[in-house]
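Hello, and thanks for taking a look at this one with me. Please open the structure first, and then we can go through a few points together.

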Amino acid sequence: MKKYLSLFLYLVLTTVLVEAQQKFTLNGYIKDSLTGETLIGANLNIPNAGKGVTTNQYGYYSLTLVKGVYTLSCSFVGYNTRQITVRLDSSYQEDIELIPRNFIVENVTVTGYRRDNNVKTAQMGKIDLSMETVKSVPALLGEVDILKTLQLLPGVRNAGEGNSGFYVRGGGPDQNLIILDDAVVYNTGHLFGFFSIFNSDAIKNVSLVKGGMPAQYGGRLSSVVDISMKDGNMNKTQVDAGIGLIASRFSMQGPIKKDKASYIISARRTYIDALVKPVISKTSQFYGSGYYFYDLNGKANYIISDKDRIYLSGYLGRDVFNFNNAKRSFKVNIPWGNSTATFRWNHIFNRKLFSNTSIIYNDYKFAFGAQQNDFAIRLSSGIKDFNAKVDLDYYPLPSHKIKFGGLYINHRFLPNILTAQQDTTVFAPNNANKKYANEYGLYIQDDWDISNKIKLNAGIRYGAFQQVGPYTKYVTDANANKQDSTVYKKGETVKYYGGFEPRATLRYAINEEASVKAAVTRNLQFIHLVSNAGTTLPTDLWVPSTFRVKPQISWQYAVGYFQNLQNNTFETSVELYYKNMQNQIEYREGYTPSLKDPEEEFVFGRGWSYGAEFFVNKVKGRLTGWVGYTLSWTWRNFPEINDGKKYPTKFDRRHDLSVVGTYELNKKWKLSSVFVYGTGNAVTVPERFYFINGILTQENSRINAYRLVPYHRTDFSATLTPKHKKTRNYTDSWIFSIYNAYSRQNPYFIYFDQEGTAINGDLKVEARQVSLFPIIPAVTWNVKF
């Protein structure tokens, strides 16, 4: 009897304990209450309990808790915090809507928003930029530019005056993974790099990761810029338009079926060609010359059920430059651009498991055509990708968020295809050098709250790259004469590379407002951008890893101290980093373009960089903005360059300072200002001039042994939002901006000019500086229906 009584009590006690610990799952989406757009990175937590979750790339969350009643706090930057009470006695879906801060509701009291991810998360070196912030920053010629705003952050350097290319922590421009709705963007610049391709009216979210890169990202060494397009207003049709100094924009979005499906279409075009054309007469030798660029973004999405949603998005951008000189019978045509298309399917397997499957197409093309009289030449290059990937988010417990997945990319590289024509004779040498490759990736990572004080984000990625046929590998002698060859059939492996990429970031919370973080990451990069120039011009060449070209490899180590002040009004941080890079690529000294396979002209070496980044960001109040300062060193060493001695890269910048401020003067006026200062770029210049057989010859310095003068400028802008006396069905705003307010003549490059002659004994050789932009005022009118 005692045995059965003991067993009964044991079963009762076990049942009680199980019931006491019974857990249920709350899941759903966090959305904008006005448009129905999902919010990426919104926070849902239990105040003072140290438990919570952040929405994923599609605004989805899942939170598993013990049965009970909870008060949850939901917050997102730029939105009012919302408190909700839930009775969790069963699992169910709860979509949460947040009201934008700038939306005024009569007779409703709104609370401030909490912003403490800077301290709370294990992620290191990540900065999220709201489009409101991007649009408030003064811009060149009034064109809002996401990438130029990123250049104002510590650790990020611009590629030159007005250029949208950038360098992160000592890495080259090709070491930044820039993705638009999961599609890789290979060339990010319009107007030879002076404007980025991203139309701000079509963008929902921008995230920069420059340290502690999560395992879900791969293929680049330095950073990730993850850009998400808007899904489209689910509630009503909305039209946004803008007329600027050199370009105009138009965007339309709205529901296809309310609360079920929506769309957005956005377009932008410059009209420099249209403005210049009337000025150039038909009799001018330059008639027909011109330049323009355009962008077209489109996206549609459909909610099939509570568990399934599909998206279809695309981007098309082109630059076209034409130059005619009728006097010399000379014509030049240079078109280039990107095309992307992405299909995505979200599926919820259960409340804890969310998946996204993507199929992506990407095509980048560049062409150069020239004609004089009856002789024409054309040079083209490009890269085309077909990509399939699956990502899954698993939320087993509040203390764990597990993400895992894989991808496959089929690459087709078209480097330097050259053709020519003389009258009816066509020259098409066998110089296509087409290359084919497959890229693979598998990863898993866990965002683990070990305790209230310790949080770990750890993951591992396996990346692989396979060069495949059709391809012919030649054996050459010392004079590059072909001696033998090996032919690889279609799909046959030419060379295979693979390796593991461990990633880990650890956070220790000192208190509620301060934490210390450390990160270590290993990255592999299988495709490379090789250039003779100092900026990301479209003539730069993308090449794959091959039997000659090894993958780039990096190890990055970082530590940082993060603290928020005055109830999260100020975000502050100090980060120290060291990065070691192997298998870096440059052209050999004395390289000139030819019909040879470009990789035969490469040399290989190593690089390293280290520095400190300081950041103070004020996020509340009428005055907002940040101060960012970077102290850094960046070096390269190639056995076959610079006599094997180390040298600073052209983007090595000892001091880099950015000050950004925005002040809401009143309901009508908002004022913004930017000041930037940077150590001058490292350059190689002639040190000596002398005559050989009567010809003036120069002897250059060691690579990047000198520096240009420091770069600095100040920009201002003022935004006027009129308050019309009569009720209108639209709102508008005027943006008045001044770029380079004190007209600083910053150097773009220098060249050497000579005056006089050696025979007369009055020969002088002088360095001359070329500067691009003096003070430039601009006006932009924006309207929203």
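This is a predicted model: local features need pLDDT of at least 70, side-chain atom pairs count only at pLDDT 80 or more; totals for chains, interfaces and linings use all residues.

1. The chain has 785 residues, and 51% of them count as buried.

2. For the secondary structure, you will find five helices and 51 strands in the chain. Among contacts with a separation of 6 or more, 65% are between residues 24 or more positions apart.

3. A nonpolar patch sits on the surface, made up of Y508, I510, V516, V559, Y561, V574, L576 and F614. Together these residues have about 640 Å² of accessible area. Strands β32 (493-511), β36 (552-565) and β37 (570-587) each contribute at least two residues to the patch.

4. Do have a look at F614, which belongs to strand β38 (residues 602-618). F614 counts as partly exposed because its relative accessibility is 36%, and partly exposed covers values between the 20% limit for buried and the 50% limit for exposed.

5. The other patch is a positive one, formed by K667, K668, K723 and K725. To find K725, go to the loop between β47 (711-720) and β48 (731-739).

6. Is K725 buried or exposed? Its relative accessible area is 88%, so K725 is exposed, the cut-off for that being over 50%.

Methods: Residues are numbered from 1 along each chain as its sequence is written. Side-chain values use heavy atoms; hydrogens and water are left out. Patches are made of residues with over 30% relative accessible area and no salt bridge: like charges are joined within 9 Å, nonpolar side chains (Val, Leu, Ile, Met, Phe, Trp, Tyr) within 5 Å. Accessible areas come from the Shrake-Rupley method with a 1.4 Å probe; for residues, only the protein chains shown count as cover. A salt bridge is a side-chain nitrogen of Lys or Arg within 4 Å of a carboxyl oxygen of Asp or Glu. Lys and Arg count as positive and Asp and Glu as negative; His and the chain ends are not counted. The place of a charge is taken as NZ of Lys, CZ of Arg, CG of Asp or CD of Glu. Helices (H or I, at least four residues) and strands (E, at least two) are DSSP runs, numbered from the N terminus. Buried means under 20% relative accessible area, exposed over 50%, partly exposed in between (1.4 Å probe, protein chains only). Contact means heavy atoms within 4.5 Å.
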